Amino acid sequence: MTRLYPVGLIHYTNVAPILDDIELPDTVTAVRGVPTEMNAALLDGRVSFANISIIEFIRHADTLAALPDFSVAVLGAVYSVNLFHRRPWADLHGARIALTAQSAGSVALLEVLLRHSRLNVTLERAEGHARDLLDAGYDGVLRIGDSALREWYDAVGPIHDDVSVLDLPHQKDGLIVTDLAQKWFELTGHPFVFAVWAYRKDDPPPPELLRAMRMARRRGIGHLGDISARHAAKLGLPERVVQHYLWNFRYHLEAPDRLGLQEFADLAVPGHAPLTLANPDTLRP
Ligand SMILES: C=C(O[C@@H]1C=C(C(=O)O)C=C[C@H]1O)C(=O)O
């Protein structure tokens, strides 16, 4: 029997336009999980290909390569990578910040941003809703993914239909929601790449998988309305908000995204190995 190629999939709503309707070829076998689970699966070899946290791709640039045309990136606000806090950002010196165990990349981004603001804080792993953790004494709470999107909306909503995208709120009733991708944009003027599709250089993905991904992405972007409606119902959010959330992503790792990626790599992991962005066919023996 031929071996099935092992693939890992982080299946947050932000990759719905790529993964929801993908027809995986029968040469692959897939497992699903949150970013830290898929990072670990790729690094310890349980899977050979996965969308992973950007920081792990950078840290392991010697053994991993990434597809040259796939990303989960944004230019400006992302809405789902949020620090919830009550004191202003500039007053977070000495703060205790709770981190979700699902994230690696956004934790590294938070560290870069805090360092840039010369804020020394204590970072601790703690799960739970942002409000509960703040009430329990944390000064800041980092949340990512679908639950962070929902908690942002719960914190600042409801947002009425006539509110412009330019006026989407980021605080209410003393609760501040700092969008880390927006903060990165203000610092660098570049997109932030949250995830790439990485593979072990010694076990690149088969071409039929990449064809399936590209076809799924084309179809998904073409049906963003349907995908948004489906996920809005699942998340309990207005369709309009989810459609804005999804169209806002940059899924193709284009030149501006690569600038942002390189800049983050140099700030977060000085001395990292060169990043390999390569079509696996070019790496095949
Ligand atoms: C934009 C997001 O990006 C995700 C954040 C990740 C992380 O923080 O490690 C990993 C994968 C990304 O898909 C999000 O979770 O909302």
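Q: Does E208 count as buried, exposed or partly exposed?
A: This is a predicted model, and E208 has a relative accessibility of 25% in it. Buried would need under 20%, and exposed would need over 50%. The value falls between these cut-offs, so E208 counts as partly exposed.

Q: Which residues does E208 touch, not counting residues up to four places away in sequence?
A: E208 sits in helix α8, residues 207-222. L24 is 184 residues away in sequence, yet the C-alpha atoms of E208 and L24 are 8.7 Å apart. Beyond four places in sequence, E208 touches P25 and T27.

Q: How many helices and strands make up the secondary structure of the protein, and why is the protein said to be as compact as a globular protein of that length?
A: The secondary structure comes to 12 helices and 11 strands. For 285 residues the globule rule gives 19 Å. The protein counts as compact as a globular protein of that length because its radius of gyration is close to that, at 19 Å.

Q: What does the C-alpha trace span along its principal axes?
A: Of the 285 residues, 54% count as buried. Along the principal axes the C-alpha trace spans about 60 × 45 × 30 Å.

Q: What share of the contacts with a separation of 6 or more comes from residues 24 or more positions apart?
A: A contact here means heavy atoms within 4.5 Å. Among contacts with a separation of 6 or more, the share from residues 24 or more positions apart is 77%.

Q: What part of the accessible surface belongs to carbon and sulfur atoms?
A: The accessible surface of the protein comes to about 12500 Å². The part that belongs to carbon and sulfur atoms is 52%.

Q: How far apart are the mean positions of the positive and negative charges?
A: The protein carries 28 positive and 35 negative charges. Their mean positions are separated by 3 Å.

Q: How many salt bridges does the count come to?
A: Side chains of opposite charge can pair when their charged atoms come close. The cut-off is a side-chain nitrogen of Lys or Arg within 4 Å of a carboxyl oxygen of Asp or Glu. By this rule the count of salt bridges is 14.

Q: What is the relative accessible area of D202?
A: R200 and D202 form a salt bridge, with the closest N and O atoms 3.9 Å apart. R200 is partly exposed, at 22% relative accessibility. D202 is exposed, and its relative accessible area is 62%.

Q: Is D257 buried or exposed?
A: R250 forms a salt bridge with D257, and the closest N and O atoms are 2.6 Å apart. The relative accessible area of D257 is 0%. The cut-off for buried is under 20%, so D257 is buried.

Q: Which residues does H93 touch, not counting residues up to four places away in sequence?
A: H93 lies in the loop between β5 (81-85) and β6 (96-99). H93 is partly exposed, at 46% relative accessibility. Not counting residues up to four places away, H93 touches R87, R118, L119 and N120.

Q: Where does R118 lie?
A: Phi of R118 is near 55°, a positive value in a residue other than glycine. R118 is exposed, at 73% relative accessibility. R118 lies in the loop between α4 (105-116) and β7 (122-125).

Q: What is the relative accessibility of L253?
A: L253 is another residue other than glycine with a positive phi, near 45°. L253 lies in the loop between α10 (239-247) and α11 (255-268). L253 counts as buried because its relative accessibility is 1%.

Q: With which residues is A41 in contact, leaving aside neighbours within four places in sequence?
A: A41 lies in helix α2, residues 35-43. A41 counts as buried, at 3% relative accessibility. Leaving aside neighbours within four places, A41 is in contact with R46 and V47.

Q: In which loop is P158 found?
A: The peptide bond from G157 to P158 is cis, with omega near -5°. P158 is found in the loop between α6 (145-156) and β9 (171-172).

Conventions: Residues are numbered from 1 along each chain as its sequence is written. This is a predicted model: local features need pLDDT of at least 70, side-chain atom pairs count only at pLDDT 80 or more; totals for chains, interfaces and linings use all residues. Side-chain values use heavy atoms; hydrogens and water are left out. Helices (H or I, at least four residues) and strands (E, at least two) are DSSP runs, numbered from the N terminus. The radius of gyration is taken over C-alpha atoms; the globule rule is 2.2 Å times the number of residues to the power 0.38. Buried means under 20% relative accessible area, exposed over 50%, partly exposed in between (1.4 Å probe, protein chains only). Accessible areas come from the Shrake-Rupley method with a 1.4 Å probe; for residues, only the protein chains shown count as cover. Lys and Arg count as positive and Asp and Glu as negative; His and the chain ends are not counted. The place of a charge is taken as NZ of Lys, CZ of Arg, CG of Asp or CD of Glu.
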